[in-house]
Amino acid sequence: MRPVIVLTAILSCAAVPALAQRAGDISDLCGTSSPATWQGLREHFVGDWRVDHLSGYVHAGRMVIPMEPSPETETMSIWVLGEDLLLDHAEMTEPMAITLADEGRWVIEANHPEIPEPALTPDEAVLAWAGDCDQEDLPRLIGQSHVAMAGAVMDMTLRMLPVDMDTIYAILEIEGAAQAVQDQSEVL
């Protein structure tokens, strides 16, 4: 089993993990954000990964419901099929294709006064595991899918940031409308 995918929920409180790099250490993945470099690296990430959930929240209408870190760990599998990198989890109805993200810098912004600060932002995850490397110099991955929840189909976006060869920081966003109320859930 691969070491860990860290799903940290948006806006929570936790210390930076003890697995942090020593000061000055830089991840072997720093500078590998180009498509050509990623093609050569992606095979390393194939296998089963332990998923640790840090925290998160659900934003439904005017209500914010915090999600505490989960003591349970789950397993996510990653494999290559042709040119596609696929990810699967026991609760997914079908595998999710993962590609290099073509987005600006990843930041977590709270747009509601009751949403707490995140346990670990993307930049803090980079500092903890990748050392003195900018997040945009690491391969940033994105997958999108749909999931049925509470009788509605929700859009799911998974942003994954491999910060070293054994750790992937991820942000899961699930968004949709149930009974005409717009819901948004984010898990880090």
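The following legends describe an overview and several close-up views of one predicted protein model.

In this predicted model, local features require pLDDT of at least 70 and side-chain atom pairs count only at pLDDT 80 or more, whereas totals for chains, interfaces and linings use all residues. Residues are numbered from 1 along each chain as its sequence is written, and side-chain values use heavy atoms, with hydrogens and water left out.

**Figure 1. Overall architecture of the predicted protein.** The secondary structure consists of two helices and eleven strands, where helices (H or I, at least four residues) and strands (E, at least two) are DSSP runs numbered from the N terminus. Read from the N terminus, the order of elements is β-α-β-β-β-β-β-β-α-β-β-β-β. Of the 188 residues, 45% are buried; buried denotes under 20% relative accessible area, exposed over 50%, and partly exposed the range in between (1.4 Å probe, protein chains only). The protein exposes about 9700 Å², of which carbon and sulfur atoms supply 52%; these areas come from the Shrake-Rupley method with a 1.4 Å probe, and for residues only the protein chains shown count as cover. Among contacts (heavy atoms within 4.5 Å) between residues at least 6 apart in sequence, 65% join residues at least 24 apart.

**Figure 2. The largest nonpolar core and the surroundings of V163.** A nonpolar core is a set of buried Ala, Val, Leu, Ile, Met, Phe, Trp, Tyr and Cys residues joined through side-chain atoms within 4.5 Å. The largest such core holds 40 residues, and L87, L138, M160, V163 and Y169 touch the most other members. Strand β9 (residues 152-164) makes the greatest contribution to this core, with seven residues. When neighbours within four places in sequence are set aside, V163 contacts S27, L29, A125, V126, W129, A130, L138 and Y169. In soluble globular proteins, nonpolar side chains tend to be buried together.

Figure 3. Residues up to four places away in sequence not being counted, S145 touches M96, M154, D155 and M156.

**Figure 4. The disulfide between C30 and C133.** A search of the whole structure finds one disulfide, defined as a pair of cysteine sulfur atoms within 2.5 Å. The sulfur atoms of C30 and C133 are 2.2 Å apart. The S-S torsion of C30 and C133 is about 95°, and the disulfide is therefore right-handed. This pair links distant parts of the chain, 103 residues apart: C30 belongs to the loop between β1 (2-7) and α1 (35-41), and C133 to the loop between α2 and β8. C30 is partly exposed at 27% relative accessibility, whereas C133 is buried at 10%.

**Figure 5. Salt bridges of the model, including R105 with E136.** A salt bridge is a side-chain nitrogen of Lys or Arg within 4 Å of a carboxyl oxygen of Asp or Glu, and by this rule the count is six. The closest N and O atoms of R105 and E136 are 3.1 Å apart. This pair links distant parts of the chain, with R105 in the loop between β7 (96-100) and α2 (122-130) and E136 in the loop between α2 and β8, 31 residues apart. Both residues are partly exposed, R105 at 35% relative accessibility and E136 at 34%. A network of salt bridges links R105, D123, D134 and E136. Another salt bridge joins E173 and R159, at 2.3 Å from N to O. Here too the pair links distant parts of the chain, E173 lying in strand β10 (residues 167-178) and R159 in strand β9, 14 residues apart. R159 is buried, its relative accessible area being 17%.

**Figure 6. The aromatic cluster of W38, F45 and W49.** Rings of Phe, Tyr and Trp (its six-membered ring) pair if their centres lie within 6.5 Å; planes under 30 degrees apart count as stacked, over 60 as edge-to-face and the rest as tilted. The structure contains two aromatic pairs. The rings of F45 and W49 have centres 5.9 Å apart and planes at 15°, so this pair is stacked. F45 is buried at 1% relative accessibility, and W49 is buried at 0%. Ring pairs join W38, F45 and W49 into a cluster.
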